[in-house]
Amino acid sequence: MKIPEEETLEAVMYSAPLSETEALAYHPLSLAFIGDSVYENYVRERILRRAPRMVPRELHLQAIRYVKASSQSRIVEELEPLFTEQEHYVYKRGRNTKSGTVPKNADVLDYRRASGFEALIGYLYLTGNTERLQILIDHAFTVVEGENHD
């Protein structure tokens with residue numbers, strides 16, 4: 001079966017960034033869906049570059065520190081004052097959208113804040129605002145890495 005050109009992976013991966021209006025038309029949890037992937041990729045690359053010989057199990061355990069809902073909630077507490085008005089709007093849309101489920105190991109408030117953070121990451125990614133995305137992710141790493149881990 002031949003896939004129409006506009007639906008090929010290449011066409012999707014290399015398409016132009018969305019306008020803010022186009023990105024806001026996406027469901028907030030769809031923004032969070034892509035934002036989760038983008039953030040996790042940044043986390044994985046950071047960990048791998050810092051410890052290229054670390055075994056996959058340990059890489060995974062290190063990544064959990066950054067991506068778990070409680071960490072993302074803490075990140076938002078620190079970053080929210082830095083959000084622009086538009087970023088705050090996107091974050092709140094993601095945070096306030098009920099997903100229907102909450103993982104059993106996550107607090108509801110933490111999970112909702114994490115969803116808002118991921119929606120914001122997805123929005124910045126889809127709109128091609130890579131400079132701002134990098135700034136917020138760098139701040140997120142600072143928050144997580146500054147926590148006391150026993």
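Author: Of the 150 residues in the protein chain, 34% are buried. The model discussed here is a predicted one.

Reader: How many helices and how many strands does the protein chain have?

Author: The protein chain has eight helices and zero strands. Read from the N terminus on, its elements follow the order α-α-α-α-α-α-α-α.

Reader: How many residues does the largest nonpolar core have, and which have the most contacts inside it?

Author: The largest nonpolar core has 31 residues, and Tyr39, Ile75 and Phe117 are those with the most contacts inside it. At least two residues of this core come from each of helix H3 (28-50), helix H4 (56-67), H5, H6, H7 and H8.

Reader: Which residues does Ile75 touch, not counting residues up to four places away in sequence?

Author: With those sequence neighbours left out, Ile75 touches Tyr39, Tyr66, Phe117, Ala140, Val143 and Val144.

Reader: Let us turn to the helix that holds Ile75. Which residues in H5 are buried?

Author: An α-helix has 3.6 residues a turn, so residues three or four places apart point the same way. In H5, the buried residues are Ala69, Ser71, Gln72, Ser73, Ile75, Val76 and Leu79. The elements that cover the buried residues of H5 include H3, H4, H6, H7 and H8.

Reader: At what angle do the axes of H5 and helix H8 cross?

Author: The axes of H5 and helix H8 (residues 130-146) cross at roughly 115° and come within 9 Å. H5 is therefore roughly perpendicular to H8. The crossing of H5 and H8 is right-handed. Here Ser71, Arg74, Ile75, Glu78 and Leu79 of H5 meet Leu136, His139, Ala140, Val143 and Val144 of H8. The contact of H5 with H8 has six nonpolar, two polar and two charged residues.

Reader: How far apart are the axes of H3 and H8, and at what angle do these helices pack?

Author: The axes of H3 and H8 are 11 Å apart, and the helices pack at an angle of about 60°. H3 and H8 are therefore oblique to each other. The crossing of H3 and H8 is right-handed. In H3, Val38, Tyr39, Tyr42, Val43, Arg46 and Arg50 meet Leu133, Gln134, Ile137, Ala140, Phe141 and Glu145 in H8. The residues of the contact of H3 with H8 comprise eight nonpolar, one polar and three charged.

Reader: Is Glu87 buried or exposed?

Author: A residue counts as buried under 20% relative accessible area. Glu87 has a relative accessible area of 4%, so Glu87 is buried. Its place is in helix H6 (residues 85-96). Not counting residues up to four places away in sequence, Glu87 touches Leu82, Leu120, Leu124, Arg132 and Leu136.

Reader: Where is Arg95 found, and which residues is Arg95 in contact with beyond its neighbours within four places in sequence?

Author: Arg95 is found in helix H6. With a relative accessible area of 22%, Arg95 is partly exposed. Beyond its sequence neighbours, Arg95 is in contact with Arg112, Arg113, Ser115 and Gly116. The C-alpha atoms of Arg95 and Gly116 are separated by 4.0 Å, although the two are 21 residues apart along the chain.

Reader: Where does Gly128 lie?

Author: Gly128 lies in the loop between H7 and H8. This glycine is partly exposed, with a relative accessible area of 34%. Gly128 and Glu20 are 108 residues apart along the chain, and their C-alpha atoms are separated by 9.7 Å.

Definitions and conventions:
Residues numbered from 1 in each chain as written. Predicted model: local features only at pLDDT ≥ 70, side-chain atom pairs only at ≥ 80, totals over all residues. Heavy atoms only, no water. Helix = DSSP H or I, 4+ residues; strand = E, 2+ residues; numbered from the N terminus. Buried < 20%, exposed > 50% of the residue type's maximum accessible area, 1.4 Å probe, protein only. Contact = heavy atoms within 4.5 Å. Axes fitted to C-alpha atoms, helices over the stretch in contact; angles between N-to-C directions. Parallel < 35°, antiparallel > 145°, perpendicular 65-115°, else oblique. Left-handed = near helix turned anticlockwise from the far one by under 90°. Nonpolar A, V, L, I, M, F, W, Y, C, P; charged D, E, K, R; others polar. Core = buried A, V, L, I, M, F, W, Y, C linked by side-chain atoms within 4.5 Å.
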